[in-house]
Amino acid sequence: MSASREKKKRQEILASGVVDPKAARAAEQKAAERRSNILYGAIAAIFVVVAAALLIYNSGIIQRGQTAVTIDGEKYTVPQTAYYYGQVCNNYASLFGQEYLQTLKAQPHPQDSGKTYNDYFKEQAVENMKYIHAAAAAAREANLALESADEDAVKANVDSMKSAAANSGVSYGAYLKAVYGPTMTGSVFESCLREQLLASKYAAEYSEENFVYSEDDILNYYNENRETYDLIDGAYVSINGTPEAKTDSEGNAIEATDAEKADAMAKAAETAQLILDAYKESGDLEAAASAHDATVTTTISGASTVYGEWFFDEARRAGDADIIEDGTNGRYYVAVFNSRQRDDSPATYSVRHILVTADNLDLPEGEEASDEQIRARADEILAGWDGTEDGFAALANDNSQDGGSNTNGGLYEDVAKGQMVADFQDWCYEDGRQKGDTGVVKSSYGYHIMYFVGYGDEQNWHYGCENAMRSSAESEWQEGLIAAASAEINEGGMKNVG
């Protein structure tokens, strides 16, 4: 304490009539405690205010009402914008995983200098919002509204989210916040669902009325894009022409020299020639490839690859066989062409299935199910089938682990080629497949007990061409809606998105 302050303190004590030094020290101590109590009481009050503000802020209440985007004069709040932002992020997460997504957000976007992937995700969300806004507005102008079946779809989506929340051990509200951010609420989520469904309903009706094509239109499109819709009966053998990978003493990769690369390609060319010569002599490509530890591939999809260009060349004739060099990828191919034809196979099929996984087994805690046990359970379920389609549907509802079909008898209707995993689809397209056929198929998801319902009437080339034409027209229409919509970003609100 300074001399002046101490003198002032003595004066205060004397003025109060205190003359005992001991009493004076006690009085001074009491005064100090009083000042301390006032000081820390004030600090505590400040902390209470700050803590309350933080709780309110972290709850999302403050940000919830902020405008993040204004589209054609209509304001969209932070949680509404977060809904569409969350959809963009979830699409990436489904491809790469949630952990990678969080890392990706901070990385620079390769096509937008100075922007991160997080910026890009927000831009994509706004583009999607512009489309939904415009389509929903057009729907209302056309007096189009959601009906009971649409509300059932909304309820099913909400129920699915609630089920996911329960499986995660959290409340519905907490789960929505985990997926879409702290500002999301059930009411906002459901209103966004309805808006999106209304826009989708309008788009479907608009497409059905405006994007209609004649048989001549479809045939002309096919003739211009045959390489996409034709099937190739042929095969090829791929021979690697890259040098063997080498590393230094520290495990770092050592780049091959030009001489090493040329030598590896020369050896690959020599192997390719030996395989081709053996095939021409025997007519057995499988045996010719096997003699050089190579394998034969019979799936040729499209003309976008070096060997694909060769197979889809209009000059190809049955019996053609040749060596194809792919210098860019350091490979040689031995290719054999038999025929090319339009894909007249059925475009769609309907099937019921029962997905059997480890969850179908009642095992002691800690014991892992073996592949044999899961297959045995699938066989057991099929053995209990009464032989009718209704009976199979009942088994699916009782036993299937596929959440997408275990409430409708395991049914998938009008499935287009490419929508299901290969093992599942291949079984459905096996030669001679008939209605009522059953079987057990293994895929990466588990074992599928199959019941074949039947094929659709449309041929694959026709279905593919018509859908490609419609999809292109729909995309152009959607881009027009987006371009016509005007969006203004409120940076204060947008910073709370994501």
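## An antiparallel pair: S3 and S8

Asp-230 stands opposite Arg-342 in S8. This belongs to the pairing of strand S3 (residues 230–240) with strand S8 (residues 331–342), which is antiparallel and runs over eleven bridges. Strands here are DSSP runs of E, at least two residues long, numbered from the N terminus, and two strands count as paired if DSSP finds at least two bridges between them.

A note on the model: it is predicted, so local features need pLDDT of at least 70 and side-chain atom pairs count only at pLDDT 80 or more, while totals for chains, interfaces and linings use all residues. Residues are numbered from 1 along each chain as its sequence is written, and side-chain values use heavy atoms, with hydrogens and water left out.

## The four-stranded sheet

S3 and S8 are part of an open sheet of four strands, ordered S6-S3-S8-S7 with antiparallel pairing. At the edges you will find S6 (296–297) and S7 (321–326); each has a single partner strand, so one side of each lacks a neighbour in the sheet.

Is strand S9 (residues 348–356) buried or exposed? Nine of its nine residues are buried, so S9 is largely enclosed by the rest of the structure. Buried means under 20% relative accessible area, with a 1.4 Å probe and protein chains only. One face carries Thr-348, Ser-350, Arg-352, Ile-354 and Val-356, the other Tyr-349, Val-351, His-353 and Leu-355, and both faces are covered.

S9 pairs in the antiparallel sense with S10 (residues 411–416) over four bridges, where Val-351 has Tyr-412 as its bridge partner. S9 also pairs in the antiparallel sense with S12 (residues 446–455), over eight bridges; there, Ile-449 is the bridge partner of Ile-354.

Terms used:
Buried < 20%, exposed > 50% of the residue type's maximum accessible area, 1.4 Å probe, protein only.
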